[in-house]
Amino acid sequence: MDLIIPTLSQGLLWSILALGVYLTFRVLDIADLTVEGSFPLGAAAASACLVKGSDPFTAILVAAVAGMLAGIITGLLTTKLKIPALLAGILTMIALYSVNLHVMGKANLSLLQIDTVFTKFSFISDDRQLVTLIVGAAATLFLCLLCYWFFGTEIGAAIRATGFNPNMIRANGVNTDVTIVLGLLISNAFVAICGALVAQSNGFADVGMGVGTIVIGLASVIIGEVLFGTKCFWRCLVSVVLGSVVYRIVIALVLEL
């Protein structure tokens, strides 16, 4: 149990990032490297708010807004300046490195002895890992339900259609520039929320914590799709979450061995 609970809790927290990566990689059919900048941006924004005495939930909301702005910048670079999506993501990611340093004021920001979203729910149990597991499961479930509802609406369907067949959706009078920017906005908001939660779970935010996050997200998406299938949109979302958990279990077992 000492191995299982921390592994599941980390898998559920990181599944929010995997959902964000799924939205660009599968739904929009874009390889978005903004993730490696928006993840630490969310952590930096939330940590800076917490250090200044803000409520943990307000800090997460601020992180989500910061992630949205990062997604909008990448979207505008792609749609208005006609920069390839991969390069646009790289440019935003590099630019966000200095932004994250400016937000935190230094390379590393400690959250020790500061109230976080996990300490708010410490009344549930004295076991910190169990509280992290419950909060991670609740956050993931809420975001999955929100995602499922939104992509069932007319504008959500237009975003999905943009990834499948942009020529067809343009012929139906939909501005694909708007749907691409909106998709990137939502994706990076999810990633930034994940960064905020991971920073609060780990007790610190670091300017380099975004390195390799795109690999984690893509691995979670691909593992989930292979193991659990993609018959419908809801099953895709569940597969991504379970893929993230399996990815963490594999890492934990390898380290244990």
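Helix α2 passes helix α9 in a right-handed crossing. The model described here is predicted. The two helices, α2 of residues 35-51 and α9 of residues 176-202, pack at an angle of about 50 degrees, and their axes lie 7 Å apart. Angles from 65 to 115 degrees count as roughly perpendicular and those under 35 degrees as roughly parallel; α2 and α9 are therefore oblique to each other.

On the α2 side, the contact is made by Val35, Ser38, Phe39, Gly42, Ala43, Ala46, Ser47 and Leu50. Helix α9 contributes Asn188, Val191, Ala192, Cys194, Gly195, Ala196, Val198, Ala199 and Gln200. By class, the residues of this contact divide into 11 nonpolar and six polar, with no charged residue.

**Cysteines**

Cys194, one of the α9 residues in the contact with α2, is buried, with a relative accessible area of 0%. The closest cysteine sulfur to that of cysteine 194 belongs to cysteine 144 and is 12 Å away, too far for a bond. Cysteine 236 is likewise in no disulfide: the nearest cysteine sulfur, in cysteine 232, is 6.8 Å away. Because its relative accessible area is 9%, cysteine 236 counts as buried. With a disulfide taken as a pair of cysteine sulfur atoms within 2.5 Å, the count comes to zero disulfides.

**Buried helix positions**

Threonine 132 lies in helix α6, which spans residues 128-150. The relative accessible area of threonine 132 is 2%, so this residue is buried. Leaving aside residues up to four places away in sequence, threonine 132 touches Ser9, Leu13, Phe118 and Ser201.

Helix α7 covers residues 154-164, and its buried residues are Gly156, Ala158, Ile159, Ala161, Thr162 and Gly163. These buried residues pack against four helices: α1 (4-27), α6, α8 (166-171) and α9.

Valine 221 belongs to helix α10, residues 213-228, and counts as buried at 0% relative accessibility. Not counting residues up to four places away in sequence, valine 221 touches Ala18, Val21, Tyr22, Phe25, Arg26 and Val240.

**Positive phi in two loops**

Two residues other than glycine have a positive phi. For lysine 82, phi is near 60 degrees; the residue is found in the loop between α3 (56-79) and α4 (85-104). Lysine 82 counts as exposed, at 63% relative accessibility. For glutamine 113, phi is near 65 degrees, and the residue is placed in the loop between β1 (108-110) and α5 (117-120). With a relative accessible area of 83%, glutamine 113 is exposed.

**Accessibility of individual residues**

The table gathers the relative accessible areas of the residues discussed individually above.

| Residue | Relative accessible area | Class |
|---|---|---|
| Cysteine 194 | 0% | buried |
| Cysteine 236 | 9% | buried |
| Threonine 132 | 2% | buried |
| Valine 221 | 0% | buried |
| Lysine 82 | 63% | exposed |
| Glutamine 113 | 83% | exposed |

Key. Residues are numbered from 1 along each chain as its sequence is written. This is a predicted model: local features need pLDDT of at least 70, side-chain atom pairs count only at pLDDT 80 or more; totals for chains, interfaces and linings use all residues. Side-chain values use heavy atoms; hydrogens and water are left out. Axes are lines fitted to C-alpha atoms, for helices over the stretch in contact, and angles run from 0 to 180 degrees between N-to-C directions. Angles under 35 degrees count as roughly parallel, over 145 as roughly antiparallel, 65 to 115 as roughly perpendicular and the rest as oblique. A crossing is left-handed if the near helix is turned anticlockwise from the far one by less than a right angle, and right-handed if clockwise. Contact means heavy atoms within 4.5 Å. Ala, Val, Leu, Ile, Met, Phe, Trp, Tyr, Cys and Pro count as nonpolar, Asp, Glu, Lys and Arg as charged, and the others, Gly among them, as polar. Buried means under 20% relative accessible area, exposed over 50%, partly exposed in between (1.4 Å probe, protein chains only).
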